Amino acid sequence: MKVDRRSFLSFVIGGAAGTALSPLPWKLMDDSSIWSQMWPWTPVPPDGEVVYENSTCSLCPGGCGISVRKVDNRAVKIEGRPGHPVNDGSICILGLSGLQMLYGPTRIKSPMKRIGERGEGKWQKISWDEAIAILTEKLTDIRDKGEAHTVAAIAGSDSGTVPALIRRFMTAYGSPNFMRSPSQRDVDELAVKALFGGDGRTGFDVENADYILSFGSGFVDGWGSPVRMFKAASLWKEKNITVVQVEPRLSNSAAKATRWVPLNPGTEADLALGIAAVLVDENMLDTRAVSGLGSWKNDLLAAYATEKVSQTTGVAAGVIVDLAKGFAGANRPLALCGRGKGLVSGSLRETAAVYLLNALSGNINREGGMWAMPEADYIQWPDVATDNLASAGLVQPRLDGAGTGKYADARYLTNRLADSVNGGGPYPMQALLVAGANPCHDLPDTQRVRAAFARIPFIVSFSSFQDETAAMADLLMPDHVYLERYEDVPIGAGLAQQMIGLSKPVVSPQFNTRHLGEVLIATAMAMGGSIANAFPWDDYETCLEETLAEKWDSLMETGVWVQADTEPVADTFQLAGMDAPAVQAEGDVNSFPLLLVPYDAIQLTSGYVGEAPFMIKAVADTVIKGTDGFIEVNPQTARAAGLAEGERARLTTPRGEAQVCVHLFEGIQPGVLAMVRGLGHTAYDGHLAGKGVNINELIGPVEDPSTGFDAAWGIRAKLAKA
Amino acid sequence: MSTLDEKAQAGMDDHAAHGGDGKASGAGGFIILFFIIGFAASMVLGWVIFPKLLYSQKQQPLNFNHALHVEEVGEGCQACHYFREDGSFSGIPKLAQCTECHEEPMGDTEDEAIFVEQYVTKDREVPWLSYSRQPDCVFFSHAAHVIGAKMDCVVCHGHIGESEVSRPYEYNRLTGYSRDIWGKNIAGFKRNSWDRMKMDDCAACHKEADAIHDVSVQTQRGHCYVCHK
Ligand code: SF4
């Protein structure tokens, strides 16, 4: 039998006919359309029971109530909690991105010890028992040598039970060196003490004010409690209230304001005092609450004559008078301060000057005014009974110098930490515990901070994330993230009320992490003696429940506790702090003819939690493009330097040098450059690391001589073609 | 005579006309034979081999006896496959639901032992394979059908409630979806309403009841949008 062409064709035709009469082509056609419409590799979220769990966001000091949508045990969305006194259903971009922090790749998944060189990133996973044993042994060693005071701790905050446990641990251990990440809160607390004579903070009744004079406070850029402020800004618009933003740069807040008053960087205090002088001069004031004004009036008028202030600030004399009249003419005017998000302490002079305006308008502790809020005092634990070793350590001076000598009023001077460790301190630091803070990125003059860290023999990081500070640590003891743990969140952040939020575990811990409170209690137990005795609780939850006492039930039920009536710190405003010299920018004018000022953006500058991929995606490509970071330059300045839009340039300051791209921006004065805070990470993941420049590499702390806090508002700089 | 046959005939005529060597009818026979071989081979391929290649099988993690459970729990399917308070359908029960009764082994079957040892004590969800999961592009609400249209589970799921063992889960290698969607019959023929759950099967029923089912509740749009949002 010979298979010829015809037979073959016949076979093929037969095959085709048979195929057409079989389900094969039709079924394949159907399947391939299903396949191509739903690629099998496209992730499909599993179905399940949908529930909402209420909790409190603690990614920033805002204290918003959140409602987390869950499908079975998976959190799938974070929303603002409707009816919450802080944010009533709204949320910010950081709060919204919280799930990327919970599930993202930047988490530290287990306790680890360093096995490579510092910063090399070589770690070995260890058990929690081993981690606690290492920590206990190290701390016991140091203490037994009578050097307990050489151990320090840095926390992101000092309010709430977890920071209080760290502080208690330090006390029982015998070290005076508990520190808090610097922020405007430092100077605010000191100002309240100086102006009102008691411990507390300010609160602003922004919702009921009818004229806002903001000295650079980024009310839609993350100042105060960010979501509350967004809502307030919308309310102001609705009520047609005049909002004046005084700031050298056209920020989002300035753009949102009714009026933007640009001024020379760093002269906010002069403008505030200039306005105060007009109020005094024209007798447009309410002096009932201000004591000691009589004799001071003449000094004020002499030092802050409108013309003179106009020269210093670059604001026209007419505008100054206008602002004064607008402020005095309103029923409930309110002046705000704290640049951007309020991440840098700022000077006492500026803070006191702005608070003085509030006092002169008679709006202290009144509706729509500024409140002197006492500190929350719900943590009432018995005093620690210290043993001899601890008592000896506690009488040693602090490493940062706070609380003594010329820094007597400062609680923490974390900005002085690097200098102190690098040789300026009273004794070397032997161990450092870091929780909820990322000093290796967030403190100014990062090079110097890193050099200081390199000198500290033993560093423990409790961070949940692989941040720059964790990279420098010897021992990682990762905390749960806020969605996995119980914690009280006392809400300060400019609220004119006392509130406590409760964070509750929304999902079970995703990794082998442990609550910092538990780790502290366990370590104290392991150390035994008076340290163990200072921690009488079985676990953190017991501690929290006992501490919150009668508030616990209502917090569990509603998630937030609001103090009905708060007695203000005091009703009288004493004049203080305003005669200090102005804080100047570092660097000399001849070598550095320009000024570099940092600014904050709501999508960036999130502190130690870093920015989630979702946030980075929301940053304009005039801020970062690829890995290039931009600076804002006035077209006039750029022309003088021969630079065009998008061009690369070399930016130099007395503290460092960086490659940047130029973004021409009319909203910045000639001679001033602006750069966003929060970029230039070297840690976290590929979404964040290596993008832009960390402005802290270019700027150093400038000490306010009257407080010791960092009051740097900028630094001198020069710009050249790269 | 089919077109193909006509062509084959024409070819043969052709051949006869040109060759004329007397073997014409033998060659024609071969040609028909080859046609039949091709035809038969492709039919076998399409009807017998193809389905075997297209589908693969997996066993359920353990055997589940529906009949026994229905008898024990009483309230019918809803006892385990219930509607949640928000109206959503719970689907295949989660471990927590099972352990309400099975904290300790109940009975001494091998499957019970597997269940308790592998899942209950280890607190692991049983990775049940769902026979009836529709492709991801389909929006399906049990509530609309069971509560709204008062349909019986059997209409779509057949008599699974009477099964004593879990049949193997067959899935399409190309799409990854369960064979039950297209139906056991590769040609797509069905005898019972539950034999197949393709779009046409949904559409047929929706068409009958179109007065109430012609717009999507969510999008207010008709036709395709009722199920494809
Ligand atoms: S403002 Fe702060 S507290 Fe509120 S949602 Fe955003 S990050 Fe969380």
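This is a predicted model: local features need pLDDT of at least 70, side-chain atom pairs count only at pLDDT 80 or more; totals for chains, interfaces and linings use all residues.
Let's start with the overall build. Chain A has 25 helices and 28 strands. Now the outline. Along the principal axes, the C-alpha atoms fill a box of roughly 125 × 65 × 50 Å.

How much of chain A is buried? Of its 722 residues, 59% count as buried. Next, the contacts. Take those between residues at least 6 apart in sequence: 73% of them join residues at least 24 apart.

Chain A exposes about 27200 Å². Carbon and sulfur atoms supply 51% of that area. As for charge, chain A carries 63 positive and 83 negative side chains. The centres of the two sets lie 7 Å apart.

Now zoom in on one strand. Please find E16 of chain A, residues 458–461. Are its faces covered or open? Both are covered. A:Phe458 and A:Val460 sit on one side, A:Ile459 and A:Ser461 on the other, and all four are buried.

Which strands pair with E16(A)? One is E15, residues 431–435 of chain A. E15 and E16(A) pair in the parallel sense, over four bridges. Within that pairing, A:Val434 has A:Ser461 as its bridge partner. Another is E17, residues 475–476 of chain A, which runs parallel to E16(A) and is joined to it by two bridges. There, A:Val460 stands opposite A:Leu475. Remember that A:Val460 and A:Ser461 are both among the buried residues of E16.

Next, two loop residues of chain A. Take A:Pro182 to begin with. It lies in the loop between strand E7 (177–180) and helix H7 (184–196).

What does A:Pro182 touch beyond its neighbours within four places in sequence? The contacts are A:Leu343, A:Thr414, A:Asn415 and A:Leu443. Look at A:Asn415 in that list. A:Pro182 and A:Asn415 are 233 residues apart in sequence. In space they are 6.9 Å apart, C-alpha to C-alpha.

The other loop residue is A:Asn696. You'll find it between strand E27 (672–676) and strand E28 (715–721) of chain A. A:Asn696 counts as buried, because its relative accessibility is 8% and the limit is under 20%. Leave out residues up to four places away in sequence, and A:Asn696 touches A:His441, A:Asp442, A:Leu443, A:Pro444, A:Asp445, A:Thr446 and A:Gln447. A:Leu443 is one of the residues that A:Pro182 contacts, and A:Asn696 touches A:Leu443 as well.

Last stop: backbone angles. Phi of A:Asp72 is near 50°, a positive value in a residue other than glycine. A:Asp72 sits in the loop between strand E2 (65–71) and strand E3 (74–80) of chain A. At 25% relative accessibility, A:Asp72 counts as partly exposed.

B:Asp123 is not a glycine, yet its phi is positive, at about 55°. Where is B:Asp123? In the loop between helix H5 (110–120) and helix H6 (142–148) of chain B. With a relative accessible area of 64%, B:Asp123 is exposed.

Key
Residues are numbered from 1 along each chain as its sequence is written. Chains are lettered from A and ligands numbered from 1 in the order in which they are written. Side-chain values use heavy atoms; hydrogens and water are left out. Buried means under 20% relative accessible area, exposed over 50%, partly exposed in between (1.4 Å probe, protein chains only). Contact means heavy atoms within 4.5 Å. Accessible areas come from the Shrake-Rupley method with a 1.4 Å probe; for residues, only the protein chains shown count as cover. Lys and Arg count as positive and Asp and Glu as negative; His and the chain ends are not counted. The place of a charge is taken as NZ of Lys, CZ of Arg, CG of Asp or CD of Glu. Two strands pair if DSSP finds at least two bridges between them.
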